[in-house]
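Hi,

Here is the two-chain structure I promised to pass on. Have a look at it first, and then read my notes below.

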Amino acid sequence: MEQKLKTDFDKFISSSNFSNQEIKLKKEALNNFLKNGFPSRKLENWKFSDINQIIQKNIGELVFYNNYNIENEINDDIFIKEIEHNKIIIVNGKVERLSFEYEESDKINLTTLNNFNQNPNDDNSLLSLNNSFSNKIHNILIKKNYSFKKPLVIYQITNEKVSNTNINFQLNFELEENSSIKIINLSDDNSEKNFINNLFNFNLDKNAILKNYKIDKKSNTNIKYDYSSITQKENSISETFIFSSGSDYIKNEVSCNLEGQYSSAFINGIHLLSKNKHHEIRTNTNHLYENTKSYQLIKSVIDDSSKSVYQGKIYVDSKAQKTDGYQLSKAVLLNEQAEFNAKPELEIYADDVKCSHGSASGSLDEDSIFYLMSRGLDQKTAKELLINGFLLDVIEKITDEEIKKLLKNMIGLN
Amino acid sequence: MRDKQIEDLKDYKYGFSTDIESFKAPKGLNEDVIRFISNIKKEPDWLLQWRLKAFERLKVLKEPNWQKPKYPKINYQDLYYYSAPKSFKEKPKNLEDLDPKLLETYKKLGIPLQEQKRLNGIAVDAVFDSVSVATTFKDTLTEKGIIFCSISEAIQKHPDLVRKYLGSVIPITDHFFATLNSAVFTDGSFVYIPPNVKCPMELSTYFRINASDTGQFERTLIIADKGSYVSYLEGCTAPMRDENQLHAANVELIALDDAEIKYSTVQNWYPGDKDGKGGIYNFVTKRGLCKGKNSKISWTQVETGSAITWKYPSCILKGDNSIGEFYSIAITNNYQKADTGTKMIHLGKNTKSKIISKGISAGKSDMTYRGLVDISKNASNSTNYTQCDSLLMGNKCGAHTVPYIKNKNSNSNIAHEATTSKISEDQLHYCQQRGLNQEEAVGLIVNGFCKEVLQQLPMEFAVEAQKLVGISLEGSVG
């Protein structure tokens with residue numbers, strides 16, 4: 001693999017026009033990845049999902065070279081019709097279109113970054129991989145006191161031109177004081193057996209509000225790793241919703257740093273799995289300042305021989321007194337082959353805190369099924385109704401009414 | 001100078017050391033030392049071979065390092081692996097023959113062996129360093145056919161039982177410390193309850209670490225045959241000293257069909273002084289196997305001592321309808337560190353487990369609950385309930401919860417809850433308003449917090465444990 005990485009990297013660099021500084025950073029990132037390789041179960045974070053093995057088993061030899069010079073056609077059919085929205089269209093890891101047609105152009109500053117954020121202490125080798133092979137990183141800066149009028153939909157498309165390929169993509173958002181944005185991140189995969197590695201970076205200044213809804217619904221055989229890093233200043237709010245169902249394998253990782261007081265982070269997620277899927281959500285909320293709040297609700301419905309994993313960690317620094325942290329994960333196993341693993345973790349160094357977590361897993365409640373059947377529903381409908389209610393709980397947490405309605409329709413829950 | 005020493009000693013109620021000249025094996029860990037131990041204990045050849053096999057395995061094993069509390073590297077070649085009080089070369093026939101100094105030590109510890117023998121109805125198998133001192137109440141137990149003796153004695157008198165069960169729950173191929181114990185274990189307790197016998201009294205062992213630099217490697221084996229019941233108590237105090245001492249015991253419980261074992265521990269070993277100097281490293285492997293149908297194993301522990309506590313009393317629920325329980329209070333103060341919890345491994349059908357864990361950290365201490373609940377594919381209709389609550393006192397300490405939950409069976413239910421908080425000002429205010437001082441108020445509230453677990457302890461222990469909870473938290477408020 002090492003040789004392959006090196007030759008693909010050289011090919012990638014020579015076909016793109018990076019500055020010397022960028023090439024230097026990319027080389028460093030590559031060396032970092034070469035040193036650590038793909039994470040395996042030996043690492044605590046990857047205990048339940050050995051991505052090294054999963055890639056080996058499902059893809060085999062990966063191609064790391066991705067030609068960003070190819071023009072891709074965009075089919076308008078995939079666009080969401082129900083609501084007016086701004087668009088970022090990404091095809092095979094390349095940004096094809098950025099259109100903010102509903103917004104005031106002087107309130108948004110679009111740039112590309114010459115330098116990516118890399119914490120040298122971060123041992124996440126997939127971030128290094130991303131840094132070494134991703135194309136130019138777009139940065140979207142929302143200026144002070146500006147709220148997006150319409151949601152932004154990020155279409156992440158893959159087409160049949162790529163297979164057995166590693167696609168790396170990065171996007172950066174800066175929210176200045178008092179600004180706000182709503183994002184729907186919609187995957188549309190028409191490709192087979194790729195390893196897609198995404199990194200989203202959000203910096204929220206004072207009073208900023210981020211609402212981020214990630215939808216992976218379309219069935220496909222890709223393997224995905226999606227990392228969102230959110231840094232929050234005073235009074236800011238972030239809301240992340242994850243619907244994870246379509247791809248064969250996804251690990252969604254959300255990391256929130258609550259650095260200013262009264263900042264709060266909400267992460268809610270659904271795993272709706274069937275066949276032979278393996279999905280994981282990992283949340284990391286770091287309470288680093290007084291009076292911060294976080295809330296996580298993750299629900300899984302697991303059928304056939306699928307596997308759902310939830311790892312959630314609440315970290316409370318000794319400075320972060322008066323923290324309010326809550327975490328709940330629930331799973332319903334519908335089949336004997338289904339599996340649910342959880343590791344809800346608390347790491348607390350301050351005493352005046354209110355932190356709790358709960359986790360429950362099991363079958364659908366027999367009494368509830370019986371109750372519904374005694375009222376004339378057949379077993380299948382009764383079960384569906386219960387599952388519907390179980391998942392709706394999470395959808396109801398969505399604070400934006402328009403998007404809530406849209407997602408309900410999209411997912412098929414009422 | 002002397003005043004200072006006395007002052008230091010005051011801090012630890014049980015901090016004293018008896019100066020009985022110890023009889024030691026040479027320092028170091030090698031085949032010769034293992035042969036020496038085996039030889040001096042007149043062990044049969046199969047056991048020596050078993051030890052050597054464990055030692056072979058130990059050579060390739062690495063010390064685990066995933067735990068939260070880190071400790072300085074232990075030089076295993078710099079430890080004594082065997083020491084016995086010299087006057088014990090010839091075993092005493094009865095209590096009166098004991099070294100008076102030993103008896104005095106026990107008196108200070110609050111276990112007057114002789115009174116206890118008559119009054120309390122507890123058979124005490126006291127371990128002083130590594131050799132069993134005296135075993136009382138044998139007659140009553142012998143009548144019922146119960147075997148309660150030191151493991152060395154059991155090896156001599158009941159080799160078949162020992163051979164059959166030793167290492168059947170904690171194999172010699174287990175983790176580093178368990179394997180170390182298998183290679184060099186010196187003594188410990190052995191209990192066998194014959195079929196359909198309910199042990200008429202609580203069996204109890206007091207452990208005590210005495211000789212300086214001696215790692216203690218106890219081995220306890222408890223077998224409850226079909227339809228039997230036993231309640232076993234383990235309590236520990238240790239003299240004060242500066243060097244860190246390693247304690248790597250192995251405890252194996254085996255419950256056959258319809259049998260029940262209740263294992264209670266009060267651990268109050270020397271935790272180190274206020275600056276975190278000294279103290280015992282308590283790296284113990286405790287594992288119970290519910291081998292038969294309808295069997296039950298229940299662990300109850302009150303952990304207040306040791307510089308570092310690192311243990312996970314576990315239950316393997318192999319038999320159908322078997323039950324595993326774990327009740328724990330862990331208290332850390334000053335620089336103490338604890339990484340403790342349990343593992344419930346459900347293999348049989350209709351198995352149930354319950355985990356109640358209460359952690360209290362004060363001072364600059366750090367406490368972690370780490371637990372595993374694993375319901376395998378075949379364990380249908382199994383249930384687990386877990387509750388872990390942590391209480392923090394002051395903002396220099398930490399409390400962490402790391403549960404691993406694995407459910408591979410759709411007919412089984414797992415519920416897990418955890419909370420972390422501090423003692424509320426309202427509660428404190430209420431108590432103080434009614435005339436309690438702050439320390440008393442905290443004691444009262446903490447006892448209430450722990451009540452669920454304290455209730456599980458046998459009477460004799462419950463009182464001591466309640467006191468211990470108060471003592472451990474002295475000076476942590478205000």
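**What I found**

Among contacts in chain B between residues at least 6 apart in sequence, 83% join residues at least 24 apart. Keep in mind throughout that this is a predicted model. Chain B has 478 residues, and 53% of them are buried. Its secondary structure comes to 12 helices and 24 strands.

Still, H11(B) has a bend of about 40° at B:Gly448. Which residues of H11(B) are buried? They are B:Ala441, B:Val442, B:Gly443, B:Val446, B:Phe449, B:Cys450, B:Val453 and B:Leu454.

Now chain A. You'll find 7 helices and 19 strands there. The radius of gyration of chain A is 21 Å, close to the 22 Å that the globule rule gives for 414 residues, so chain A is as compact as a globular protein of that length. If you want a box for it, the C-alpha atoms of chain A fill roughly 70 × 45 × 45 Å along the principal axes. Buried residues account for 48% of the 414 in chain A. As for contacts in chain A between residues at least 6 apart in sequence, 84% of them link residues at least 24 apart.

On to where the chains meet. The contact draws 32 residues from chain A and 28 residues from chain B. On the chain A side, strand E18 (339–348) and strand E19 (354–362) each supply at least two residues. Which of the elements gives the most to that side? That would be E18(A), with 10 residues. Sorted by class, the side of chain A that touches chain B has 13 nonpolar, 11 polar and 8 charged residues.

There is also strand pairing across the two chains. E19(A) and strand E24 of chain B (residues 413–422) pair in the antiparallel sense, over 7 bridges.

Cheers

Methods. Residues numbered from 1 in each chain as written. Chains lettered and ligands numbered in written order. Predicted model: local features only at pLDDT ≥ 70, side-chain atom pairs only at ≥ 80, totals over all residues. Helix = DSSP H or I, 4+ residues; strand = E, 2+ residues; numbered from the N terminus. Rg over C-alpha atoms; globule rule 2.2 N^0.38 Å. Buried ≥ 20, exposed ≤ 12 C-beta atoms within 10 Å, placed from the backbone. Contact = placed C-beta atoms within 7 Å. Bend = angle between axes of the 7 residues up to and from the residue. Nonpolar A, V, L, I, M, F, W, Y, C, P; charged D, E, K, R; others polar. Pairing = 2+ DSSP bridges.
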